[in-house]
Amino acid sequence: AVVSTQSTGVDGREYDLYMGRDKMENEDLLKWGFPEDVWFHVDKLSSAHVYLRLNKGETVDDIPKELVQQCCQLVKANSIQGCKLANVDVVYTPYPNLKKTGDMVAGQVGFHKNKKVIKINIEKNNEIWKKLEKTREERDIDLKEERERRDRQEREELKKQQKVERDLEKLRIEEERRERDMRSYKLLNDDPELVTSNQFANESDAERELVDDFM
């Protein structure tokens with residue numbers, strides 16, 4: 001699919017933005033988005049669908065305010081009605097919260113949980129939008145392959161982590177076994193009722209000497 005991409009840096013972190021040029025490209029983005037993506041759209045008006053790709057480990061709560069503004073200005077500028085208004089409401093939510101049912105037309109989405117949808121009102125700011133436009137590229141991206149590659153990497157990382165955890169568990173069990181053996185050995189040596197083989201040997205020698213004396 002050919003999609004528009006923009007890149008931006010905020011607080012020393014780099015981010016990519018994906019935007020479909022029409023409703024069919026929006027469908028591709030919806031189908032093959034990343035779990036780390038955050039979806040932006042002008043509320044109750046037709047607009048572009050913008051997907052912000054967060055870095056690994058980040059959540060919607062970690063998005064810098066400046067970055068939220070950039071995404072909001074982008075969907076506003078790419079709304080036929082919204083771009084003419086002084087201010088609009090913009091909604092955004094984590095990608096996994098998007099819901100697509102069979103009765104929805106192309107480009108239409110719903111939400112699994114409304115409480116996970118954030119709404120803010122923004123005023124027109126052409127400076128922010130123009131700055132983003134300088135990084136805009138039209139790219140032919142295999143969105144399916146990108147998602148499958150991302151999932152493969154995640155599975156490989158999970159396998160490595162599970163192996164590390166298994167190895168650590170083996171070490172823990174082995175260490176506990178050694179500690180038990182050491183405690184058992186210490187108890188054995190500290191028991192006054194137990195006599196060592198050397199003591200038995202010494203006593204046997206003494207008995208033999210006593211017998212020899214009587215012979």
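Visitor: What makes the charged end of Arg53 count as sitting over the ring of Phe34?

Guide: In this predicted model, the charged end of Arg53 is 3.5 Å from the centre of the Phe34 ring. The rule asks for a distance within 6 Å and a position within 35 degrees of the ring normal, and the charged end of Arg53 is accordingly listed as sitting over that ring. The charged end of Arg53 also sits over the ring of Tyr18, 4.4 Å from its centre.

Visitor: Why is the pair of Trp39 and Phe111 called edge-to-face?

Guide: By the rule for ring pairs, the count comes to three aromatic pairs. In the pair of Trp39 and Phe111, the ring centres are 5.7 Å apart and the planes stand at 65°. Centres within 6.5 Å make a pair, and planes over 60 degrees apart count as edge-to-face; therefore the pair receives that name.

Visitor: Where in the chain do Trp39 and Phe111 lie?

Guide: Trp39 belongs to strand E3 (residues 37-42) and Phe111 to strand E7 (residues 110-111), so the pair links distant parts of the chain, 72 residues apart.

Visitor: How do you know whether Trp39 and Phe111 are buried or partly exposed?

Guide: The limit for buried is under 20% relative accessible area. Trp39, at 4%, counts as buried, whereas Phe111, at 22%, counts as partly exposed.

Visitor: Why is the pair of Phe40 and Tyr92 called stacked?

Guide: The ring centres of Phe40 and Tyr92 are 4.8 Å apart, and their planes are at 10°. Planes under 30 degrees apart count as stacked, so this pair is stacked. The pair also links distant parts of the chain: Phe40 is in strand E3 and Tyr92 in strand E5 (residues 87-94), 52 residues apart. Phe40 counts as buried at 0% relative accessibility, and Tyr92 counts as buried at 8%.

Visitor: What makes Gln73 count as buried?

Guide: Gln73 has 2% relative accessibility, and buried means under 20%; therefore Gln73 counts as buried. Gln73 lies in helix H2 (residues 65-77), where the buried residues include Leu67, Val68 and Leu74.

Visitor: What does the side chain of Gln73 approach?

Guide: A polar atom of the Gln73 side chain lies 2.7 Å from the backbone oxygen of Glu123. Among the residues that Gln73 touches are Ile122, Asn125 and Trp129.

Visitor: How do you know that the span of H2 agrees with expectation?

Guide: At 1.5 Å a residue, the 13 residues of H2 should span 18 Å. The end C-alpha atoms of H2 are 18 Å apart, which agrees.

Definitions and conventions:
Residues numbered from 1 in each chain as written. Predicted model: local features only at pLDDT ≥ 70, side-chain atom pairs only at ≥ 80, totals over all residues. Heavy atoms only, no water. Helix = DSSP H or I, 4+ residues; strand = E, 2+ residues; numbered from the N terminus. Buried < 20%, exposed > 50% of the residue type's maximum accessible area, 1.4 Å probe, protein only. Polar contact = N/O pair within 3.5 Å; in protein donor to acceptor, adjacent residues only side chain to side chain. Contact = heavy atoms within 4.5 Å. Phe/Tyr/Trp six-rings, centres within 6.5 Å; stacked < 30°, edge-to-face > 60°. Expected span 1.5 Å × (residues − 1). Lists of a residue's contacts leave out its neighbours within four places in sequence.
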